[in-house]
Amino acid sequence: MAFVATKKLMREQTIHLHRNAPAKPAEGQACNGCGICCALETCPPARLRFMQAKGPCPALAWSEHKARYYCGLMSSPRKYLGWLPLFAEAFTSRLISRWIAAGKGCDCNADVQP
Ligand code: SF4
Ligand code: SF4
């Protein structure tokens, strides 16, 4: 499903999300995995890994079971960082979780229209 999203001080951008993706909550509310932020632009660790600032992030993953998006770089770091030893995966996952402030609430101010 296509949406037009506008972030403050940014141009309009068309993004494509799963038809069952939840609607974006207000900024500051709990993250529900709508995927809009990562479809618009990449976060700092993704910029380092994928060398792109524009979305959609290659690590943005859809969970059919939970009907929400999640961060593949955080949940399966070795999938995107092939050189990472197995023993370092859990630590890296926690590091990325802190870096992207997972669980801290929605920090995306985009205005989204279907
Ligand atoms: S941080 Fe906000 S925009 Fe990003 S996935 Fe969570 S709810 Fe959606
Ligand atoms: S690495 Fe994860 S949090 Fe960062 S932009 Fe990609 S999917 Fe989103």
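View 1. T6 stands opposite E12 in β2. Strand β1 covers residues 2-6 and pairs with β2 in the antiparallel sense over five bridges. Two strands pair if DSSP finds at least two bridges between them. Strands (E, at least two residues) and helices (H or I, at least four) are DSSP runs, numbered from the N terminus. The model is predicted: local features need pLDDT of at least 70, side-chain atom pairs count only at pLDDT 80 or more, and totals for chains, interfaces and linings use all residues. Residues are numbered from 1 along each chain as its sequence is written, while chains are lettered from A and ligands numbered from 1 in the order in which they are written.

**View 2. The open sheet of three strands.** The strands follow the order β2-β1-β5, with antiparallel pairing. β2 and β5 (111-113) are the edge strands, each pairing on one side only. From one strand to the next, the twist averages 30°; axes are lines fitted to C-alpha atoms, for helices over the stretch in contact, and angles run from 0 to 180 degrees between N-to-C directions. Three bridges join β1 to β5, and the bridge partner of V4 in β5 is Q113.

How many of the five residues of β2 are buried? The count for β2 (residues 12-16) is zero, and the strand is hardly covered. A residue is buried if 20 or more other C-beta atoms lie within 10 Å of its own, exposed if 12 or fewer, and partly exposed in between, with C-beta atoms placed from the backbone.

**View 3. The hairpin of β3 and β4.** Strand β3 (residues 60-63) runs antiparallel to β4 (residues 68-71), and four bridges join them. S63 stands opposite R68 in β4. Four residues lie between the strands, and A67 takes a positive phi near 50° in this hairpin.

**View 4. The shell around ligand 1.** Among the residues around ligand 1 are K24, C31, C34, C37, C106, D107 and C108. A residue is near a molecule or strand if its C-beta atom, placed from the backbone, lies within 6 Å of it. By class, this shell has seven nonpolar, three polar and two charged residues. Ala, Val, Leu, Ile, Met, Phe, Trp, Tyr, Cys and Pro count as nonpolar, Asp, Glu, Lys and Arg as charged, and the others, Gly among them, as polar.

**View 5. The shell around ligand 2.** Residues around ligand 2 include C38, T42, C43, C57, C71 and I100. The elements giving two or more residues to this shell are α2 (44-50) and α3 (72-75). The shell around ligand 2 has 11 nonpolar residues, one polar and no charged.
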